[in-house]
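Please walk me through this structure, one place at a time.

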Amino acid sequence: MSFVEYSEFIQEGDVAIIFLGHDSMMPVKVQQGAQTQTRYGVIRHSKDLIGQRFGTKVTCSKGGWVYVLHPTPELWTLNLPHRTQILYTTDIANITMMLELKPGSVVCESGTGSGSLSHAILRTIAPTGHLHTVEFHQQRAEKAAEEFREHRVGHLVTVRNQDVCKEGFGVTGVADAVFLDIPSPWEAVKHAKNAMKRQGGRVCSFSPCIEQVQKTVEALADEGFQEISTLEVLLRVHDVRSITLPLPDFGSDQPLETPTDTPVPSNASVLCKTTTPPRDMAGHTGYLTFATKPSV
Amino acid sequence: MADNGDNDSQHRVNEGDYVVLKRGDIYKAVQIQKKKKTVFEKQWFFLDNAVGELYGTTFEVVTGGTLQPRKPKCVESSADAKEAGTDNRNILDDGKSQKLTRDDIETLKEQGLKGQEIVQQLIENSTTFRDKTEFAQEKYIKKKKKKYENSVMVLRPSCRVLAMMYHGREPGKICHLRYDTLAQMLTLGNIHAGSKVLVFETCAGLVLGAVMERMGGYGSVVQMYPGGGPVRAGMESFGFPSHFHDTLHEFPICHVNALLAGALDTEAKDKDAGGQEKKVKMEEKRKKLAAAAAVLEGRNADGLVIASRFHPCPVLLGLIKFLAPSRPFVVYSQYKEPLIECYTKLREQGGAVSLRLTDSWIRHYQHPCL
């Protein structure tokens with residue numbers, strides 16, 4: 001298993017995603033002799049996981065069952081331990097496409113945070129690209145580096161514990177794309193420009209507040225970036241369900257033989273397959289500002 | 001680690017390259033062929049002068065139909081420290097504010113004035129310009145630029161650019177697939193290098209190209225196709241290196257049931273039909289079919305992407321049999337109800353978890369012109 005390559009069978013040291021049903025999942029580090037408690041009972045790694053195929057149904061000690069899934073960055077995003085607020089797949093998907101990421105891309109990112117976007121980037125740029133990720137919090141930087149190793153993607157990423165606004169990304173003239181998710185991205189625009197290839201590249205800044213966006217856009221324009229555009233993307237989930245709608249009874253158009261006040265109740269109804277929107281609208285995550293560094 | 005300055009040939013336009021022309025929000029995919037006239041936004045010009053320039057360069061179309069690279073830092077400074085009003089209460093929209101006539105403007109064009117210069121002339125000859133608010137002035141400039149702009153940017157093709165182009169120009173050809181939706185599909189489908197992906201699309205090859213871009217030439221892609229032959233125009237516009245095509249297979253869906261039943265015959269037959277040329281062609285076809293069948297037979301695809309005008313339900317139920325366990329699939333439909341059916345049938349049939357029916361929304365925000 002790795003986060004950038006599928007494999008068929010579960011091995012020791014793998015990260016697997018236990019699917020418990022109804023959007024309930026949990027990550028598991030597969031180890032000889034280890035056990036994992038679930039609401040359906042115990043999963044014994046040696047017996048139930050190691051050597052089994054990903055996608056297998058595993059029966060737990062109490063009789064209930066779960067599925068064991070191969071990890072993907074999308075599943076990881078939903079299950080990773082949060083050390084900071086993270087980016088979710090909807091934003092990640094657009095960032096990936098708008099930054100034109102693909103195998104071989106060299107990307108600079110700051111801040112690493114909990115590594116949600118990092119894993120998605122690594123998946124996309126493998127096997128020949130590289131991610132330079134900067135995190136100013138020492139423990140978070142260490143934890144991220146540790147996770148990348150466990151997830152067998154360490155060779156594709158360099159974690160640097162420094163302040164991107166003061167010291168930049170630690171590389172110059174190599175990046176095809178730069179991503180910023182920091183409180184003051186305008187302070188890092190110059191560093192972003194320096195990290196990028198001379199011949200051009202794409203930059204993205206993610207900010208929850210429009211005031212941050214304004215300052216960042218100004219800084220980008222001052223540094224000569226083009227095609228500056230800010231957007232927001234939202235995902236609406238549709239709940240599929242069967243509903244029964246009763247039909248109104250407008251009565252008969254013939255005069256009744258024995259006029260009564262109480263009409264015979266009709267049980268007519270129609271079954272519809274439809275969707276309903278969720279109770280709450282998807283919340284605002286942040287604005288995504290993209291720009292192109294022009295070729296010199 | 002610095003980049004090698006003298007080896008930027010991979011960043012420069014070559015003859016024969018597939019590129020995308022851009023002006024504002026209008027894109028057009030073309031192939032660079034010297035001495036061939038290209039039309040873009042009602043202008044005819046030759047792309048010869050783009051060869052050798054860096055991708056991302058902006059050119060001016062000069063009289064005679066040739067391209068001239070635009071000098072950088074050519075941002076018009078018409079918006080700094082200029083007079084502006086506070087609101088439009090006293091501005092009369094009587095159509096008489098512009099003192100230049102259509103003939104005057106034609107004359108300016110004939111004199112070879114650049115788009116930017118024409119816009120400057122229009123501003124100077126407008127009696128109401130200085131009364132407009134800053135925002136109204138920017139809006140005016142943006143509108144005039146759009147009309148008189150003469151510049152063309154030459155871009156390297158990418159999923160981003162081509163998806164926006166198709167959505168703007170020919171949405172009907174791509175089942176009205178919006179680019180943010182395509183972005184979701186590629187990520188949720190975990191499309192990445194080294195995997196085996198099945199694609200069934202009727203989006204002019206755009207979705208196929210997008211998948212191939214994310215695979216980077218590693219792994220394999222099987223394009224399942226419904227009719228006479230696979231449509232690949234959109235994919236060609238990506239301008240992939242030739243080795244990418246080695247990873248691409250095609251398989252006609254009319255043979256799916258036979259393949260699933262183990263009844264597909266891909267052995268060579270000695271047909272007496274036609275001459276040598278026809279025999280060679282048929283042998284080629286047979287080989288390709290056999291190769292694609294071999295890739296599919298194992299029923300261990302890593303990903304399945306469906307985006308077509310066909311009813312998605314039978315397509316999905318048919319092709320999902322080729323997907324390995326614990327692998328994602330993504331189905332796009334322009335319409336919701338057919339997907340409700342997909343969802344329901346999959347729930348009844350079992351064998352799929354984490355099913356979600358979603359739609360993506362994107363909104364652009366406005367910046368002041370800087």
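Start with B:His255, which sits in the loop of chain B between strand S10 (248–252) and helix H8 (256–260). Keep in mind that this is a predicted model. Is B:His255 buried, exposed or partly exposed? With a relative accessible area of 27%, B:His255 is partly exposed. Buried would require under 20%, and exposed over 50%. Setting aside neighbours within four places in sequence, B:His255 is in contact with B:Leu264 and B:Leu289. Now compare sequence and space. B:His255 and B:Lys196 are 59 residues apart in sequence, and their C-alpha atoms lie 19 Å apart.

Stay in chain B and move to a helix pair. Helix H10 (residues 312–319) packs with helix H11 (residues 336–349) of chain B at an angle of about 35°. Their axes are 8 Å apart. The crossing of H10(B) and H11(B) is right-handed. Which residues meet there? From H10(B) come B:Pro312, B:Cys313, B:Leu316 and B:Leu317. From H11(B) come B:Pro338, B:Leu339, B:Glu341, B:Cys342, B:Lys345, B:Leu346 and B:Gln349. By class, this contact of H10(B) with H11(B) has 8 nonpolar, 1 polar and 2 charged residues. An α-helix has 3.6 residues a turn, so residues three or four places apart point the same way.

Next comes helix H5 (residues 179–188) of chain B, which is mostly covered. Of its 10 residues, 9 are buried. Among them are B:Tyr179, B:Asp180, B:Leu182 and B:Thr187. Just after H5(B), B:Asn190 takes a positive phi of about 50°.

That stretch leads across to chain A. A:Glu74 lies in helix H2 (residues 73–79) of chain A. Which residues does A:Glu74 touch, not counting those up to four places away in sequence? In chain A they are A:Thr89 and A:Arg123, and in chain B they are B:Thr187, B:Leu188 and B:Asn190. A:Glu74 has a relative accessible area of 9%, so A:Glu74 is buried.

A:Thr38 is found in strand S3 (residues 35–38) of chain A. A:Thr38 counts as buried because its relative accessibility is 9%. Beyond its neighbours within four places in sequence, A:Thr38 is in contact with A:Leu20, A:Met26, A:Ile43 and A:Cys60. A:Phe290 has its place in strand S14 (residues 287–293) of chain A. At 0% relative accessibility, A:Phe290 is also buried. Its contacts beyond four places in sequence include A:Ile95, A:Met98, A:Arg202, A:Cys204, A:Ile228 and A:Leu231. A:Phe290 and A:Val217 are 73 residues apart along the chain, yet their C-alpha atoms are separated by 9.1 Å.

Finish with the empty space. Rolling a probe the size of a water molecule over the atoms shows where such space is left. How many cavities of 30 Å³ or more does the structure hold? There are 4. Helix H2 (115–124) and helix H3 (134–148) of chain B each supply at least two lining residues. H2(B) gives the most, with 3 residues. By class, the lining of the largest cavity has 2 nonpolar, 4 polar and 4 charged residues.

Note on methods: Residues numbered from 1 in each chain as written. Chains lettered and ligands numbered in written order. Predicted model: local features only at pLDDT ≥ 70, side-chain atom pairs only at ≥ 80, totals over all residues. Heavy atoms only, no water. Axes fitted to C-alpha atoms, helices over the stretch in contact; angles between N-to-C directions. Helix = DSSP H or I, 4+ residues; strand = E, 2+ residues; numbered from the N terminus. Left-handed = near helix turned anticlockwise from the far one by under 90°. Contact = heavy atoms within 4.5 Å. Nonpolar A, V, L, I, M, F, W, Y, C, P; charged D, E, K, R; others polar. Buried < 20%, exposed > 50% of the residue type's maximum accessible area, 1.4 Å probe, protein only. 1 Å grid on protein atoms, 1.4 Å probe; cavity = no way out; pocket = protein on both sides within 12 Å on 5 of 7 lines; lining within 4 Å. Points joined across faces, edges and corners; volume = space filled by probe spheres on them.
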